[in-house]
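This report walks through one protein chain. It goes from a single helix to the contacts around it, then to the chain as a whole.

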Amino acid sequence: MSERYDVVIAGAGPAGAQCARDLAERGYEVLVLETEPEGTFPAQSNKSTGGTFPSMMGSFGIPDDVVMHYTDSVVLESPDENFQMTQPGAVLEFADFKRYLVRDGRDHGATYRFDSRVSQPIVENDEIAGVRYDGGEEVYADIVIDATGPAAPLAKALGVSDLERKRQAIGIEWEYEGVALDHPGYADLNDSMMLRLDHDLAPGGYAWIFHTGADTAKVGLCFIQNDKYGPDDDRVRIDDALTGWLDDDPRFAEATRIDDSQHRGSAHIQPPKQLSTDRFMAIGDTVPSIDPLWGQGIDKCMRSGRAAAVTADRCFTGRMDTSADEMTIYDMLWHRNVAPKAAMRLLMTHLIYYAPTERYNRFIRDLRRLSSDTLSSANAGNPLALAKLFHVGDIPLFRDFVAEHRELIGQLLPGPRSLLSD
């Protein structure tokens with residue numbers, strides 16, 4: 001007899017594990033299939049800076065014991081300027097965080113099967129009916145969820161995902177001790193998360209220092225592929241860029257790398273093609289969303305997992321209906337709760353990392369002149385707040401950006417159904 005569950009989830013990352021937690025708590029039979037072996041989980045997928053804000057911790061009941069260090073502020077840094085704002089945060093021990101989600105899901109009744117790579121959907125009567133994994137193994141479900149990240153084998157096979165190896169964010173991070181967190185000439189980074197905008201360090205992207213307690217910090221950088229700055233996906237180049245920063249920045253003069261602390265990852269920065277279809281939803285980095293400045297990948301993944309759980313619960317309640325029409329509840333929740341004003345924020349992300357390095361100095365000075373509320377509103381896609389950060393001298397920058405991104409802008413602004421109206 002074939003195995004059958006209410007919901008099968010491919011992937012035990014933050015999105016998949018949170019969705020499983022919520023569904024199991026509601027009493028549904030849930031199976032999570034995870035590629036990695038349980039004994040080393042998460043090894044390949046331990047890739048996040050793990051920086052988040054208290055709203056995420058409180059919303060999802062995350063315990064203090066997965067937090068490396070609580071921070072008090074966020075610092076934005078350019079080559080010659082810095083801006084510090086009060087913003088409580090938490091730097092997670094990402095592996096402990098992911099293992100907690102699995103453990104809590106199991107405590108509520110979710111079934112986890114590790115070392116189980118999902119390969120393709122089982123399609124019956126033109127609808128997904130289950131998944132194949134580990135070659136010939138099969139499992140069936142009323143709803144299937146792809147939470148595998150950019151790999152997206154199920155979403156791609158169903159025509160839901162069109163993720164491409166372009167406009168990717170490619171990141172690397174190491175953990176260091178002996179970091180001079182209050183070095184003369186720089187902002188005090190004790191109890192802070194710092195993001196630096198500087199194409200000389202991170203072409204097309206950004207770098208960061210996240211204080212993790214005492215004199216330790218997570219240190220990393222991210223390339224964002226674009227036509228102007230971003231290099232090709234090349235691990236040697238990003239490793240060399242991080243090494244160069246560590247060699248040149250005096251804050252790391254006495255720092256030493258903590259063993260076995262390397263994290264790598266990638267995410268797509270492009271609009272989602274589709275989010276759901278009959279009996280199927282794509283969540284987390286399978287349909288990625290990003291905040292222009294803060295990223296907030298963890299929060300976005302958790303929110304999408306919860307939106308999928310709410311949708312499944314709605315489809316199972318009363319008259320059983322897992323049709324594409326009912327699954328659009330998830331699309332609505334995604335655009336409202338996960339990525340509101342998605343198109344505007346995505347365009348902002350591309351524009352921010354398109355600007356030349358010298359423009360970042362003025363951007364930081366403007367932030368010091370304005371209130372921190374302006375930055376928060378701008379990050380949320382508020383056009384009035386955005387207007388305060390632009391100057392007449394930016395017109396040539398806008399003109400060049402539009403000329404080089406016509407295809408992208410056309411994707412994001414398709415007409416009256418533009419995501420700008422979300």
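Which elements do the buried residues of helix 9 pack against? They pack against strand 4, strand 5, helix 8 (342-352) and helix 10 (372-379).

## Basis of the model

This is a predicted model: local features need pLDDT of at least 70, side-chain atom pairs count only at pLDDT 80 or more, and totals for chains, interfaces and linings use all residues. Residues are numbered from 1 along each chain as its sequence is written, and side-chain values use heavy atoms, with hydrogens and water left out.

## The chain overall

The chain has 13 helices and 17 strands. Both are DSSP runs, numbered from the N terminus: helices are H or I with at least four residues, strands are E with at least two. Of the 422 residues, 57% count as buried. Buried means under 20% relative accessible area, exposed means over 50%, and partly exposed lies in between (1.4 Å probe, protein chains only).

The accessible surface comes to about 17700 Å². Carbon and sulfur atoms hold 46% of that surface. Areas come from the Shrake-Rupley method with a 1.4 Å probe; for residues, only the protein chains shown count as cover. Contacts here are heavy atoms within 4.5 Å. Among contacts between residues at least 6 apart in sequence, 72% join residues at least 24 apart.

Helix 9 covers residues 357-369. Its buried residues are Thr-357, Arg-359, Tyr-360, Asn-361, Phe-363, Ile-364, Asp-366 and Leu-367.

A search of the whole structure finds 19 salt bridges. Each is a side-chain nitrogen of Lys or Arg within 4 Å of a carboxyl oxygen of Asp or Glu. Side chains of opposite charge can pair when their charged atoms come close.

Arg-359 and Asp-394 meet in a salt bridge of 2.8 Å, N to O. Arg-359 lies in helix 9 and Asp-394 in the loop between helix 11 (383-387) and helix 12 (395-404), so the pair ties together parts 35 residues apart in sequence. Both residues are buried.

Asp-366 pairs with Arg-369, the closest N and O atoms being 3.2 Å apart. The two are 3 residues apart in helix 9, which puts about one helical turn between them. An α-helix has 3.6 residues a turn, so residues three or four places apart point the same way. Asp-366 counts as buried because its relative accessibility is 5%. Arg-369 is exposed because its relative accessible area is 52%. Elsewhere, salt bridges that share partners join Glu-77, Arg-196, Asp-198, Asp-249 and Arg-251 into one network.

Where is Glu-81 found? Glu-81 sits in the loop between strand 4 (67-77) and strand 5 (82-92). Is Glu-81 buried or exposed? At 17% relative accessibility, Glu-81 counts as buried. Leaving out residues up to four places away in sequence, Glu-81 touches Leu-76, Asn-361, Ile-364, Arg-365 and Arg-368.

Arg-365 forms a salt bridge with Glu-81, with the closest N and O atoms 3.4 Å apart. The pair links distant parts of the chain: Arg-365 in helix 9, Glu-81 in the loop, 284 residues apart. Arg-365 is partly exposed, at a relative accessible area of 40%. The side chain of Glu-81 also makes a polar contact of 2.9 Å with the side chain of Arg-368. A polar contact is a pair of N or O atoms within 3.5 Å; within protein, one must be able to donate a hydrogen and the other to accept it, and residues adjacent in sequence count only if both atoms are side-chain atoms.

## Helix 6

Helix 6 spans residues 297-316. At 1.5 Å a residue, its 20 residues should span 28 Å, and the end C-alpha atoms are 29 Å apart, which agrees. The expected span is 1.5 Å times one less than the number of residues. Helix 6 is mostly covered, with 14 of its 20 residues buried. Just after helix 6, Gly-318 takes a positive phi of about 75°.

## Aromatic pairs

The structure holds 7 aromatic pairs. Rings of Phe, Tyr and Trp (its six-membered ring) pair if their centres lie within 6.5 Å; planes under 30 degrees apart count as stacked, over 60 as edge-to-face and the rest as tilted. Tyr-206 and Trp-208 form a tilted pair, 5.7 Å centre to centre with 45° between the planes. Both are buried. Ring pairs also link Phe-41, Tyr-112 and Phe-114 into a cluster.
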